[in-house]
Amino acid sequence: MALLTLDAVILRSQHYRETSRIVTFYSREQGLIKGIAKGARGKRGRFSSTLEPMQRVRVTLSVRRNRELHTVTQADLLHPFARIREDLFRSTYAQAVLELVGRLMWQEHSSEDAYNLLLNILQAFEEGLGDPQLLFFVFHIHMAELLGYAVHLEGCAGCGGSLSEGGTFSFPRGNAFCGRCYPEEGAATSVSGTTVELIRHLGKTEGVAAAAALSPSREVRRQIGSLLQRHLEYHTETDLALRALRLAESLDSEYPSGNNSNPRELPYRHVKGVRK
Ligand SMILES: [Zn+2]
């Protein structure tokens, strides 16, 4: 048994039995790690408000080798990201970010870059720096890149020509071809010129700023979301139909204006990329 102190974001926190919680952390030092917090529930319970999802904590775990579940011995709040929860759309898409991390980073390997990316995107959500759905896409694109499955849309993968008229995106290759060059092999989908352009902007280091400046149509959003999801599903063989995204969709149809909370009215700030 060893004690490990980690800087971590809480991805999930589930009730367990009468008084405990099972908490999934994504940590800077150890990647994904699960702990049981005994006596964590109730107002007077230990860790009463510390172990809520989305919060950044410094947590100490008593770790046993070859166990999936370790014991939380101490948890201190570093940052609550409380303002994200004040807005339903923001919190739903931020939740989608957490869910994506939980599904993709299944190994306990740590990634400093992935952790920084997560913190930076939560910070952008908290400061209202962009349209929540576009912020989710920014995270998705950079996460794919970190995992080694970057999407390349600078030009046609065959002739290098412009994709402004759209083209065909190849999932195995992660790039797109114009109408003349597409080799007709492997899983693929057609993409519009606008979708190509937007993914390129959101994938730049200034992706967060792009998420604040752009306001694409619902159809383009649907195309972007579907392409990104299918691309990562193809490579990771992981189901990425996220619960939070289903919720976001139903919110969007109930409050259609909510998802488009006119980004231009948000305080526009140039953010130097989402990575440190
Ligand atoms: Zn071409």
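In helix α4, the buried residues are T195, V196, L198, I199, L202 and G203, where buried stands for 20 or more other C-beta atoms within 10 Å of a residue's own, exposed for 12 or fewer and partly exposed for anything in between, with C-beta atoms placed from the backbone. These residues lie on the same side of α4, because they cover an arc of only 170° around the axis, the arc being that of the directions from the helix axis to the C-beta atoms. The model is a predicted one, in which local features need pLDDT of at least 70 and side-chain atom pairs count only at pLDDT 80 or more, while totals for chains, interfaces and linings use all residues. Residues are numbered from 1 along each chain as its sequence is written. Helices (H or I, at least four residues) and strands (E, at least two) are DSSP runs numbered from the N terminus; the protein has seven helices and eight strands. Of its 276 residues, 39% are buried.

The cover over the buried residues of α4 includes α3, β7, β8, α5 (207-213) and α6 (218-236). Helix α3 (residues 132-146) and helix α4 (residues 193-203) have axes that come within 9 Å and cross at roughly 75°; axes are lines fitted to C-alpha atoms, for helices over the stretch in contact, and angles run from 0 to 180 degrees between N-to-C directions. The two helices α3 and α4 are therefore roughly perpendicular to each other, a label for angles of 65 to 115 degrees. On the α3 side the contact is made by L134, F137, V138 and I141, and on the α4 side by I199, L202 and G203, with contact taken as C-beta atoms, placed from the backbone, within 7 Å. By class, six of these residues are nonpolar, one is polar and none is charged; Gly counts as polar, whereas Val, Leu, Ile and Phe are among the nonpolar types.

Strands β7 and β8 belong to an open sheet of three strands, ordered β7-β6-β8 with antiparallel pairing; strands pair if DSSP finds at least two bridges between them. The edges are β7 (175-177) and β8 (188-191), each pairing on one side only. From one strand to the next, the twist averages 35°. Strand β6 (residues 167-170) is joined to β8 by four bridges, and G167 has V191 in β8 as its bridge partner.

The loop between α5 and α6 holds L214. Because L214 has 17 C-beta neighbours inside 10 Å, L214 counts as partly exposed. Leaving aside residues up to four places away in sequence, L214 touches L134, L198 and H201.

Notes. Parallel < 35°, antiparallel > 145°, perpendicular 65-115°, else oblique. Contact = placed C-beta atoms within 7 Å.
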